[in-house]
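I opened this model to look up a few residues and the strands around them.

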Amino acid sequence: MTNRRVDSPLTPTRRAAGLLAGLALGVALLAGCSSEGARTDCGLDACTVTFDRGVEASATILGVEAKLVGAQGDQVTVEVAGEQLSLTTGQQATEVGGFSVTLDSVTDQEVKIRVARNAGN
């Protein structure tokens with residue numbers, strides 16, 4: 001007679017817990033971002049970062065850090081992937097470290113930029 005080990009099926013509670021843990025990990029990996037004084041909205045290859053003005057604001061997105069250095073009128077200085085960029089609303093994307101960076105908007109309260117991976121990176 002052969003003794004066989006019979007695995008009991010996962011209970012609904014354990015199955016749900018495993019599913020939730022997997023979803024949480026997937027969301028964290030997809031977002032891949034953290035921030036201080038900023039909000040992020042990320043997809044697979046691009047993020048929109050909204051910096052609060054008047055505070056030290058930064059965000060880690062797509063594996064690089066983006067910081068708001070300063071803003072005056074419609075011109076903003078940000079640091080992305082260790083390089084400082086001067087951006088103006090409406091200008092074409094600036095290339096830095098394999099990313100395209102554009103300034104979406106500037107208000108008295110916030111600065112919004114878009115950081116996207118360049119094709120082929």
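This is a predicted model: local features need pLDDT of at least 70, side-chain atom pairs count only at pLDDT 80 or more; totals for chains, interfaces and linings use all residues.

**Entry: two positive phi values**

Ala81 sits in the loop between β6 and β7. I checked its backbone and found a positive phi of about 55 degrees, although Ala81 is not a glycine. Most residues other than glycine have a negative phi. I then turned to Leu62, where phi is near 50 degrees, again a positive value in a residue other than glycine. Leu62 belongs to the loop between β4 and β5.

**Entry: the chain overall**

I listed the secondary structure next. The protein chain has one helix and ten strands, and from the N terminus the order is α-β-β-β-β-β-β-β-β-β-β. Of the 121 residues in the chain, 26% are buried.

**Entry: the disulfide**

How many disulfides does the structure hold? I found one. The disulfide links Cys42 and Cys47, with an S to S distance of 2.0 Å. I looked up the torsion about that S-S bond, which is about 115 degrees, so the disulfide of Cys42 and Cys47 is right-handed. Both cysteines are buried.

**Entry: strand β3 and its partners**

β2 runs over 38–42 and β3 over 46–52. A hairpin of three residues connects β2 to β3, and the two strands pair in the antiparallel sense over five bridges. One bridge I looked up pairs Ala38 with Phe51 in β3. I also checked β3 against β10, which spans 110–117. β3 and β10 pair in the antiparallel sense too, over seven bridges. Cys47 has Val115 in β10 as its bridge partner.

I counted burial along β3: five of its seven residues are buried, so the strand is largely enclosed by the rest of the structure. Thr50 lies in this strand. At 9% relative accessibility, Thr50 counts as buried. Setting aside residues up to four places away in sequence, I found Thr50 touching Gly37, Ala38, Arg39, Glu110, Val111 and Lys112.

**Entry: the nonpolar core**

Which residues touch the most other members of the largest nonpolar core? The core has 24 residues, and the answer I noted is Phe51, Val78, Val80, Val101 and Ile113. Elements giving two or more residues to this core include β5 (64–72), β6 (75–80), β7 (83–88) and β9 (99–106).

**Entry: Arg53**

Arg53 is in the loop between β3 and β4. I noted a relative accessible area of 26%, so Arg53 is partly exposed. What does the side chain of Arg53 reach at 2.7 Å? I found the backbone oxygen of Thr107 there. Beyond four places in sequence, the contacts of Arg53 include Leu68, Ala71, Val106, Asp108 and Glu110. I also took the C-alpha to C-alpha distance from Arg53 to Leu68, which is 8.2 Å for a separation of 15 residues in sequence.

**Entry: Thr94**

I finished with Thr94, which is placed in strand β8, residues 94–96. With a relative accessibility of 19%, Thr94 counts as buried; the cut-off is under 20%. Its side chain makes a polar contact with the side chain of Gln91 at 3.1 Å. Leaving aside neighbours within four places in sequence, I listed Leu85, Leu87, Phe99, Ser100 and Val101 as contacts of Thr94.

Technical notes: Residues are numbered from 1 along each chain as its sequence is written. Side-chain values use heavy atoms; hydrogens and water are left out. A disulfide is a pair of cysteine sulfur atoms within 2.5 Å. Buried means under 20% relative accessible area, exposed over 50%, partly exposed in between (1.4 Å probe, protein chains only). Helices (H or I, at least four residues) and strands (E, at least two) are DSSP runs, numbered from the N terminus. A nonpolar core is a set of buried Ala, Val, Leu, Ile, Met, Phe, Trp, Tyr and Cys residues joined through side-chain atoms within 4.5 Å. Contact means heavy atoms within 4.5 Å. Two strands pair if DSSP finds at least two bridges between them. A polar contact is a pair of N or O atoms within 3.5 Å; within protein, one must be able to donate a hydrogen and the other to accept it, and residues adjacent in sequence count only if both atoms are side-chain atoms.
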